[in-house]
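Please read it beside the sequence and the model.

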Amino acid sequence: MTKLPRKPSQPLLGDADAPLRSRPRKKQDPAQHQLTLDPMPARIDPCLALLKARPPKGRQWAFEVKWDGYRLAVHIEPSGVRILTRGGHDWTGRFPAIEAEAKRLPVSTAILDGEAVVFDELGRSDFGKLQQSLGGRGGNRTSWESVCMVFDLLYLDGHDLTGTEFTARRHLLEGIVPAGGEGAIRLSEEIEADGDKLFRIACEHGLEGIIAKDRNSTYRGGRGGEWQKIKCIQSGGFAIVGYQRSSAAFGNIGALLLAARRGGDLVYVGHVGTGFKADEAMKLRATMDKIKAPKPTVKYTGGRKNLIWIKPKLVAEIEYRAWTHDGKLRHASYKGLRDEQDDAAIFQVE
């Protein structure tokens, strides 16, 4: 037979009609740490990688693959998801797969830093394929193929992480976006290898290059040197200042005339005549003919004929192997037009 308890539970012996009360709360100790929540910023100026010729040395450096696409900030907010370009423009509607994936992540609020890419058949990021998926410069097509390779976490569930060291940010990021995923948001994994060896392997596999990041650094906007990029094939944004008309070429474009910035001025840095596809060349020619200029905006020293000058409003992404002794691009190849909303920067020469 089950025995009854000797003494009924004391809290249940009180008057049933009496109000229940907790113990009086102690006064807050002024010396006690107060965990406050940080307001979620509307936008964070992105940290940009400084171009270097060789990888840095030292255990403080972490290495990743350099992705060739559009820089994005994915804001996961209580009201929904916002996807911002490097220049702060809202491109949420253009990346529906990334938006849907962001809603499934195990966070209440967050800001992910990453790069939208489209892969080629060998698994390499291809800037041209990304542009085609978006409908080209100024296009409004949605890109279902795009994948966001995320490499940093700037805000998480009420806490601003930009003042936290990179190693801690990455640790938190890996808890949200685990390695080896195959969704529309994937982790850009850190590669444990010597920088020189990794750079050599990246170039042998046809990748654009690698990124080195100081493990102890906080997150700062601009090119402060905490992040460095080492590129197998050089590339950059150059202003189109004119083109050479040719009846034998796609879109009648024999070559584009390119300019870079030197201080506050534009200077001619050569031409590019390869990399065009027929349909892209026709669209480019139509765009350039709408912004013709009566005279060149740079001092031209190329000696070509049948030139049409345009206003320097278009920025082309150009791959090249090196510079000549007189400051011209060598072995240049056209990759596509940078969109204004991508904060297309014109290459700055010394």
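The model is a predicted one. Its protein chain has five helices and 17 strands, and 45% of the 350 residues count as buried.

**Chain overall**
- Among contacts with a separation of 6 or more, 68% are between residues 24 or more positions apart.
- The chain exposes about 19500 Å², and carbon and sulfur atoms supply 51% of that area.

**Aromatic pairs**
- The structure holds 14 aromatic pairs.
- One of them is the edge-to-face pair of Tyr-70 and Trp-91, with 5.4 Å centre to centre and 80 degrees between the planes.
- Tyr-70 belongs to strand β3 (residues 70-77) and Trp-91 to the loop between β4 (80-85) and α1 (96-103), so this pair ties together parts 21 residues apart in sequence.
- Tyr-70 is buried at a relative accessible area of 3%, and Trp-91 is buried at 3% as well.
- Phe-238 and Phe-347 form a stacked pair, 5.2 Å centre to centre with 20 degrees between the planes.
- Because Phe-238 lies in strand β11 (residues 234-245) and Phe-347 in the segment after β17 (333-338), the pair ties together parts 109 residues apart in sequence.
- Phe-238 is buried, with a relative accessible area of 0%.

**Cluster and charges over rings**
- Tyr-70 and Trp-91 form one aromatic cluster with Phe-95 and Phe-127.
- The ring of Trp-91 also has the charged end of Arg-94 over it, 4.5 Å from the ring centre.
- Over the face of Trp-227 lies Lys-213, at 3.9 Å from the ring centre.

Technical notes. Residues are numbered from 1 along each chain as its sequence is written. This is a predicted model: local features need pLDDT of at least 70, side-chain atom pairs count only at pLDDT 80 or more; totals for chains, interfaces and linings use all residues. Side-chain values use heavy atoms; hydrogens and water are left out. Helices (H or I, at least four residues) and strands (E, at least two) are DSSP runs, numbered from the N terminus. Buried means under 20% relative accessible area, exposed over 50%, partly exposed in between (1.4 Å probe, protein chains only). Contact means heavy atoms within 4.5 Å. Accessible areas come from the Shrake-Rupley method with a 1.4 Å probe; for residues, only the protein chains shown count as cover. Rings of Phe, Tyr and Trp (its six-membered ring) pair if their centres lie within 6.5 Å; planes under 30 degrees apart count as stacked, over 60 as edge-to-face and the rest as tilted. A charge sits over a ring if NZ of Lys or CZ of Arg is within 6 Å of the ring centre and within 35 degrees of the ring normal.
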